[in-house]
Protein chains: 2
Amino acid sequence: MTATATQDPFIKNLCMFIRAQDMSGAWESMSDDDVLAPYILSKEQRREIPLFGDPDPDILWRVEQYFNAIAMAIENKTGRAIAPIMKIHHEGWGRMILTAGKLVAVNSYMRELHRFGFDSVEAMSAKAQKLIDEGVATIEKYPDVAAA
Amino acid sequence: MTATATQDPFIKNLCMFIRAQDMSGAWESMSDDDVLAPYILSKEQRREIPLFGDPDPDILWRVEQYFNAIAMAIENKTGRAIAPIMKIHHEGWGRMILTAGKLVAVNSYMRELHRFGFDSVEAMSAKAQKLIDEGVATIEKYPDVAAA
């Protein structure tokens, strides 16, 4: 991870959400890189993960933290409370929605969650930023619905 | 169930969704009353169901069919495709959202799902009708968001 990435508010949020669920205190001594390591998989590593069977529950937990961090970034930019709701079929595909009031700020379909991961912290942040921008733009387009 | 209730489009939809998942053909010979029977619990019956432990997965399945039938009624009235998304904590509380485009047409919080049930078919239909009316009114209020 580069120093730029650690200044990234999304990455900071994500580390915070992950660390908030440290049950044992073991992660306290871990660096942000270590904490984020399970999110980083090369294309080759992803391809090696078989798509049969159910994805590891830890993956679904990581997807939730990823969207929590996106939700928080949208909240911070718009001042609107964002509620995430995720429905994942046990076989590894599903839908994540971030709502603000009566507005669907972000709607994201996911598949092959067995292979959820990113080439690098920067790549993860860039993908998250797209969803953050989409959410912020949608709220700015329909402010009355987001406040409803 | 009264003859009035069987003419009720929500009740018809609900029976259709339930029957669509008949795996064995055993329900073919059942009346609509029999098919809907698990949804009907008296206040006393509900009170007797303990709230500890996880609710029966069959209950969550029934909740899903209930909201599918509500979604279909809203679709039929508005011509908008409705997507349901439900997130239930395993202890029996959660949130159900019905979206149309970028609009949250219905947002329903649920709790004590162990005791999910209604006094009568008419009472169930009346409660569903409230959510249907809410969904239709929301879509009529924000037609451009529902079409987005």
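Is A:Glu64 buried, partly exposed or exposed? Hello everyone, let's start there. A:Glu64 is partly exposed, because its relative accessible area is 29%, and buried would mean under 20%. Please keep in mind as we go that this is a predicted model.

So what does A:Glu64 form with B:Lys87? The two make a salt bridge, and their closest N and O atoms are 2.9 Å apart. This pair crosses between chains: A:Glu64 sits in helix H5 of chain A, residues 57–78, while B:Lys87 belongs to strand S1 of chain B, residues 83–89. B:Lys87 is partly exposed too, with a relative accessible area of 31%.

Let's turn to the other salt bridges. Searching the whole structure, over all chains, gives 10 of them. In one of these, the side chains of A:Arg46 and A:Asp119 meet, at 3.4 Å from N to O. Why does this pair tie together parts that are 73 residues apart in sequence? A:Arg46 lies in helix H4 of chain A, and A:Asp119 is in the loop between strand S3 (103–110) and H6 of that chain, so the bridge links those two places.

Now look at how covered the two partners are. A:Arg46 counts as buried, at 16% relative accessibility, whereas A:Asp119 counts as partly exposed, at 46%. A:Arg46 has another contact for you to find: a polar atom of its side chain lies 2.8 Å from the backbone oxygen of A:Leu41.

Over in chain B, please find B:Arg46 and B:Asp119. They form a salt bridge as well, with the closest N and O atoms 3.4 Å apart. B:Arg46 is in helix H4 (residues 43–48) and B:Asp119 in the loop between strand S3 (103–110) and helix H6 (121–141), so here too the pair ties together parts 73 residues apart in sequence. B:Arg46 counts as buried at 16% relative accessibility, and B:Asp119 as partly exposed at 44%.

Back in chain A, there is also a network of salt bridges, which links A:Arg111, A:Glu112 and A:Arg115.

Take A:Lys130, which is found in helix H6: its relative accessible area is 66%, so A:Lys130 is exposed.

Note on methods:
Residues numbered from 1 in each chain as written. Chains lettered and ligands numbered in written order. Predicted model: local features only at pLDDT ≥ 70, side-chain atom pairs only at ≥ 80, totals over all residues. Heavy atoms only, no water. Helix = DSSP H or I, 4+ residues; strand = E, 2+ residues; numbered from the N terminus. Buried < 20%, exposed > 50% of the residue type's maximum accessible area, 1.4 Å probe, protein only. Polar contact = N/O pair within 3.5 Å; in protein donor to acceptor, adjacent residues only side chain to side chain. Salt bridge = Lys/Arg side-chain N within 4 Å of Asp/Glu carboxyl O.
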